[in-house]
Amino acid sequence: MKASIIAGFISLPLSVNATDLDRRQSELKSIQTQINKQQSAVKNTNKQRERLISLLKKDEQAIAAAAKKVNKTKQDLTKIDKALAKLNAKYTQLEKLKNIQQKTLSNQLASAYLAGNHDYSKMLLNQQSPASIERLLAYYQYLNNARIASIKQLQSTIVELDEVQLQQKDNQTRLNKLALEQQQQATLLSQEQSQRQQTLTQLQRTLSSSGAKLEQLQIEEASLKRVVEQALLAMKNNPAFDGLSSKRKLKWPTKGRIKSGFGSKRSGQVKWKGVTISAAEGKNIEAIAGGQVIYADWLRGFGMVLVVDHGKGYMSLYGHAQTLLKAAGDSVRKGEPIALVGRSGGQTESGLYFEVRHKGQAVDPARYCKR
């Protein structure tokens with residue numbers, strides 16, 4: 001544009017007088033000044049956008065860290081709740097056993113007391129048969145042993161009850177501590193999400209034009225391509241896995257409505273190479289098959305991303321996560337939680353971006369996952 005304007009002024013007829021020439025030169029300078037201002041504004045906008053994207057990355061990484069702690073605390077709370085339930089059930093059983101043992105011992109002592117009203121020496125002297133005497137001695141010895149055994153059982157039960165009570169008290173203390181930690185972590189998570197929203201609002205202002213949005217999508221596509229290339233290199237060093245079956249037997253990584261289908265238009269000539277599943281934030285994202293994590297990090301436009309190598313050239317990619325529960329190098333089982341649904345990557349709504357690739361080429365996930 002600048003060159004064509006200057007060329008237009010250079011090609012002015014020679015008959016133009018000095019006054020017109022001065023006026024045209026003044027206009028040219030004014031246009032050049034406007035062009036320079038626009039170029040400077042675009043440059044500043046690009047710098048601001050890059051700064052905000054960098055800030056968004058930090059915000060979303062902070063959210064991921066906080067969400068991971070909340071998730072871990074939630075799991076610990078569930079474990080302790082289950083442990084307490086088992087201890088409470090055991091305590092109830094031991095209390096019943098203690099009552100039974102106390103009653104048994106009480107009956108034995110009552111019997112011994114009643115038997116004590118007799119003069120054993122006279123009873124023994126009055127016995128005519130040595131065999132009868134032997135049987136009587138054996139009987140009283142049996143009663144005595146039974147009482148001793150009952151006392152030992154009761155003592156053991158009381159000791160076990162004390163141990164269970166101590167465990168209950170310890171678990172309850174841990175439960176209270178974890179509940180407080182979870183509350184603090186939830187507050188921190190809320191603060192980080194609020195900070196992210198401010199950053200995202202500012203970023204969206206710099207992407208108000210369709211041209212700027214398309215440019216960002218192209219940059220994001222290039223970033224994803226680099227990650228896939230890195231993943232392909234990493235797959236060469238991994239042991240063989242079973243790959244994926246194209247018989248639609250696999251479960252989707254999370255339950256939800258498919259918001260954008262494979263191959264649908266994203267913007268301009270850019271198309272979706274995966275599917276976007278609308279789902280609640282914090283919901284589990286599960287591995288569609290066994291494999292090994294070969295990428296787990298923040299990626300521009302896709303947020304917290306995790307890539308799993310399934311062997312035989314197959315990989316699955318999970319994006320927009322709130323947090324990642326696995327790291328690069330970890331092995332994963334089919335159906336194992338590997339991340340939580342989120343809004344990372346600058347998304348305004350929670351959901352999961354999900355891709356399946358074979359030898360680097362994106363394929364429709366619906367070929368592998370159940371309808």
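The model is predicted. Its count of cavities of 30 Å³ or more comes to one, and its largest pocket holds about 730 Å³ of space. Two residues that are not glycine, lysine 312 and histidine 320, have a positive phi.

**The largest cavity**

- The space inside the largest cavity amounts to about 70 Å³.
- Its lining consists of Glu60, Ile63, Ala64, Gln193, Arg196, Glu281, Ala321, Gln322, Arg343 and Ser344.
- Helix H2 (18-115), helix H4 and strand S8 (314-324) each contribute at least two residues to this lining.
- The largest share, three residues, is supplied by H2.
- By class, the lining of the largest cavity comprises four charged, three polar and three nonpolar residues.

**The largest pocket**

- About 730 Å³ of space lies in the largest pocket. Its lining is made up of 29 residues, of which Leu217, Arg266, Gly345, Gly346 and Gln347 are the closest to its centre.
- At least two lining residues come from each of H2, H4, helix H5 (210-235), strand S1 (257-260), strand S2 (265-267) and strand S4 (275-278).
- Helix H5 provides the largest share of the pocket lining, with four residues.
- The pocket lining divides into 14 polar, nine nonpolar and six charged residues.

**Residues with a positive phi**

- Most residues other than glycine have a negative phi.
- Lysine 312, although not a glycine, has a positive phi of about 55 degrees. This lysine is located in the loop between strand S7 (303-311) and strand S8.
- Lysine 312 is classed as exposed because its relative accessible area is 60%, and the cut-off for exposed is over 50%.
- Histidine 320 is likewise not a glycine, and its phi is positive, at about 65 degrees. Its place is within strand S8.
- Histidine 320 is classed as buried because its relative accessible area is 5%, and buried means under 20%.

**Glutamine 197**

- Glutamine 197 belongs to helix H4, which spans residues 130-206.
- Because its relative accessibility is 36%, glutamine 197 counts as partly exposed; this class lies between the cut-offs of 20% and 50%.
- In sequence, glutamine 197 and threonine 348 are 151 residues apart. In space, the C-alpha to C-alpha distance between glutamine 197 and threonine 348 is 8.7 Å.

Definitions and conventions: Residues are numbered from 1 along each chain as its sequence is written. This is a predicted model: local features need pLDDT of at least 70, side-chain atom pairs count only at pLDDT 80 or more; totals for chains, interfaces and linings use all residues. Side-chain values use heavy atoms; hydrogens and water are left out. Buried means under 20% relative accessible area, exposed over 50%, partly exposed in between (1.4 Å probe, protein chains only). On a 1 Å grid over the protein atoms alone, a cavity is a set of points where a 1.4 Å probe fits but cannot get out, and a pocket is an open set with protein on both sides within 12 Å along at least five of seven lines; lining residues have an atom within 4 Å of a point. Grid points are joined across faces, edges and corners, and a volume is the space filled by probe spheres set on the points. Ala, Val, Leu, Ile, Met, Phe, Trp, Tyr, Cys and Pro count as nonpolar, Asp, Glu, Lys and Arg as charged, and the others, Gly among them, as polar.
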